[in-house]
Structure formats: C-alpha cells, structure tokens
Amino acid sequence: MEKEEIWQSVLAQIQLMTSPANFATWFQNTKISSLENGRVVISVPNSFVKEWLQQKYNKTILKILRGLMPEVKELSYQIEKGGLKVVEKKDEEVSPPAQLTFQELEIDKKTNLNPKYNFSNFVVGSFNELAYAAAMAVVKNPGQVYNPFFVYGGVGLGKTHLLQAIGNEIVKNFPKKRVRYVPCEKFVSDVILSIKNHQIENLKSFYQNFDVLLIDDIQFLSGKEKTQEEFFYIFNTLYEKNRQIVISSDRPPKAIPALTERLRSRFEGGIITDISLPDFETRLAILRAKAEEKGVSFSDEILNYIATNIRKNIRELEGALNILVTYQKLNKKVPDFQTVKQLLKNLISPQNKVSSVKKIIKTVAEFYEISEKELLSNSRRKEYVKPRQIAMYLLREELKCSFPFIGRKFGGKDHTTAIHAYNKINEDLKRGGDLVEEIKEIKERIFS
Ligand code: ADP
Ligand code: MG
C-alpha cells in the first residue's frame, strides 16, 4: 500500500472524530512525506498546523497508524507546501489536477455539492424510506410537490447524504436549474460577516437566485435572531416563486429552541419526515453495499460483528469498514476475526458494547415480564425456562462469558446446562420464527 492510501485511511478515521470545519482546517494540505523504518513524517502547510497537530492530534494519529502498521515507532511533522488540496471544479477545466485529493473535499464550486453523495449509493430501509420517497418526489418535480421538504434525524444517519443526493440528482435531470447546498453554520457566519461589511443585500440576492436551496443542519439557527430574520426573508422569496427548499435538522421544527414562530410554521408548512435508526438487517445491507463499492468482501461473521456493535451511526459503520479495507490492502489478506476485533477496538467503544451481565439479565426479565429472581431461579416452570435459556444464550453470544460462569449465575447450575441452553437457542434460531424477532428486539433494548 502506498503512503497516499495510508494517509487517506488515517484521514478517514480522523474525520469520524472531528467536526467538518476542524477537519478541513487542520488536515487540508497534509500528507505523509516519508515512511521509513517505522518513522513517519507528515508534511503540513505551515507552522500553525504543525503545532496544532503535534499538540492535539499526535496521539490519535500515532494510534491510528499503529493500528494499520504495528511497526510505526515515531511521528514527526515537517512544513512543506503542497499535499492535500481542496479541489474546486471549474467549468472549463479539462483534466483533474494532479495532486492528491480527499473525496470529502471534492466540491463543485457552483453548487457547493459533493458528487460522492448520490442516490445510487444511498441504501433505503424502513428507517429512511419515507424521507427517501419524499426526496424522490422532490427531484422529479422540484418546487412543485413538497415545499419545503424538512428531514430530521440523529448524527451520521444520512441527512447530508440525502440533501446532497437531491441536489446532485436535480442538477443531472435539470441542468439549467441553479442548485445550492449550504450548511446552516456557513450561512450563519456569512450573514454575520455580510452585516458587518454592509453586504447583506448582496447576500440575500445571491440566495434568492437559486431554483433549489438545500440547507443543512438548520438547528444552528437556534437563538440567532438576526440570521433568522434574513433567512425568513430569503425563504419567503424563494417559496413564493415556487423554488424548492430542502432543510435538514437534528430534530423536528417544534423541538428547535429559540426559533421564531413564523419560521417554525414555515418549516411545518411542507412535508416533514424523519430518519430513524437502521435495524440490524439494514446495517448489514449498508455494510455489504459499501464493501462492494470498495471492491472488497468480508465474511458474514465479520460483517455481523460490525453490524451488531455499531448501531447508531452509519458514518461509523463506514469507518469500521474503511479500517478493514486498509488492513487488507496493507497486508494483502482478509483480517481474521480476532484481528478485526483488535482493529476495531477504538471504534467499538465501551458504550456501544453490551454494558454488563446485569443489563442482559434485567432486559430479558423485563422483556418476558418476570422478575430477575425468577429468571435466575431453579424453577422449571415453562414461563421461566425459555427466558432463562435466552439470557444464557445472550451472555455467551454477546459477552463471551464462560459456560461455568453462566451456570453458576443461574442458580448454581452445572456448565452443561448452560451449554445445552446455548445450543438449544442457537438451533431454534436457525429454524426462524418468532424467536428471531424476540431476540432481535431484546438485543436492541440491551444496546440502546
Ligand atoms: P448526517 O448528515 O445525518 O450526520 P451523513 O449524511 O453525513 O449523516 O452520513 C454519514 C455517512 O453515512 C456518510 O458517509 C454517508 O454517505 C453514509 N450514509 C448515510 N446514510 C446512508 C445510506 N442510507 N446509505 C448509504 N450510506 C449512507
Ligand atoms: Mg450532516
């Protein structure tokens, strides 16, 4: 594997831990300039970045590099021009610039859209199908059906991807339409700056010119009265001309604090859909799709492991996969299961993992509406036996508890009882039916 690829992989992981603004500030124009005998030199554009990386990111970078190449010993920084560049496409440009690009930074200047987000790589499942359906209607008839289209959901669940895919699709289908994507944070700072420079009218007419305005993370308007006022004005102008407005947020309009009533009611005037959490099957489907996109394949055991442990964030699912892909390229072989666990231990944080034996027992008891005492007892009553076997199964499956431990936990039973319970549930699961759903639901509760 090349230095470039290694650095891309490091960047991909760092990106998971930092805000887009920080990421762009500190990692633009950086690269690995040499890699010899475990010594890695990173070239940076100026002394400011050098100091910052040394102070704030050194440990992290080192840790990630070691995850990829255990032989890495030390890290140093060197000031140099060049390296990773922001690539802005110009219309007349014929060939792409020669320097290394990081996909995240490949942005079309006119629309502010990143071509990597489109519908062909957007997985649809029950968690996002309404949002997807609304998006489809919008791209077919921008400004005509759902206006505004307001989508909300938690971090890393595809809001930005969806907004950008809408933009890219409209550009493709209606090349004449002027489309603009803007993160709300950027909009807020532009408004503040242009008020200061007496340019606010220019800014307003700039935005009023678009046929499609996609504004991401609108919750940032919260408490910013002046910006809300200007946005209200832009919104109305666009709306009256049937221009499409698409808005994303981490929460519904009602829950955005310090938002003026008139804006809230505007946001509620079109369609509102949410993106919830993808279920296990969808997480697997996303992993499979992304692996295919990258031209790699991993065993079901590995994909299951990732999908089981990373539940709330698609960006992290992708991050886990990237780490494995890099390993595979570096070592020219698929990592085995133990290696996978080792590689992903930073990503699969303790709070993502099952917290404890206690939690499993409590959750199973609650699910079957029996007491913990009954669950752990020796009673052979049917309504206790099945939950008990399931709890034993989960302790083994999720926490890798030893069978003797499990036996002791449940009324001082022999380890063969625990083995029997584990095998029984395993067999029953293979047969399908209600049990599969029940265990899925229990696991969701254990992990949430
Ligand atoms: P948000 O804006 O909600 O925080 P993003 O849109 O940035 O989340 O998504 C995080 C990552 O997950 C991105 O790399 C994105 O491409 C990917 N992603 C999100 N949703 C999907 C999906 N439905 N199918 C495929 N990839 C997705
Ligand atoms: Mg986003």
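Biologist: What is the phi of Gly295, the residue after α10?
Modeller: This is a predicted model, where local features need pLDDT of at least 70, side-chain atom pairs count only at pLDDT 80 or more, and totals for chains, interfaces and linings use all residues. Residues are numbered from 1 along each chain as its sequence is written, chains are lettered from A and ligands numbered from 1 in the order in which they're written, and side-chain values use heavy atoms, with hydrogens and water left out. Helices are DSSP runs (H or I, at least four residues; strands are E, at least two), numbered from the N terminus. Gly295 follows α10 with a positive phi, near 70°.

Biologist: How far does α10 reach from its first C-alpha to its last?
Modeller: α10 covers residues 280–293, 14 residues. The expected span of a helix is 1.5 Å times one less than its number of residues. That gives an expected 20 Å for α10, and the reach is close to it, at 20 Å.

Biologist: Which helices are among those covering the buried residues of α10?
Modeller: Buried means under 20% relative accessible area (exposed is over 50%, partly exposed in between; 1.4 Å probe, protein chains only). The buried residues of α10 include Phe280, Leu284, Leu287 and Lys290. Their cover includes α11 (300–309), α12 and α19 (434–447).

Biologist: Which residue's backbone oxygen does the His161 side chain reach?
Modeller: His161 lies in helix α5 (residues 159–173) and is buried, with a relative accessible area of 12%. Leaving aside neighbours within four places in sequence, its contacts (heavy atoms within 4.5 Å) are Tyr117, Asn118, Asn121 and Phe122. At 3.0 Å, the His161 side chain reaches the backbone oxygen of Asn118.

Biologist: How much of the accessible area of ligand 1 does the protein cover?
Modeller: Of the 17 residues around ligand 1, Gly156, His161, Lys290, Arg315 and Glu318 come nearest. A polar side-chain atom of Glu318 is 2.5 Å from a ligand 1 oxygen, and a polar backbone atom of Gly156 is 2.7 Å from an oxygen of ligand 1. On its own, ligand 1 has 550 Å² of accessible area (Shrake-Rupley method, 1.4 Å probe), and the protein covers 95%.

Biologist: Which residue is 35 places from Pro142 in sequence, and how far away is it in space?
Modeller: Pro142 sits in the loop between α4 (129–140) and β6 (149–153), and is buried with a relative accessible area of 7%. Not counting residues up to four places away in sequence, it touches residues including Ile170, Phe174, Lys177 and Val212. The one 35 residues away is Lys177, and C-alpha to C-alpha the distance is 9.5 Å.

Definitions and conventions:
Polar contact = N/O pair within 3.5 Å; in protein donor to acceptor, adjacent residues only side chain to side chain. Near = heavy atom within 4 Å.
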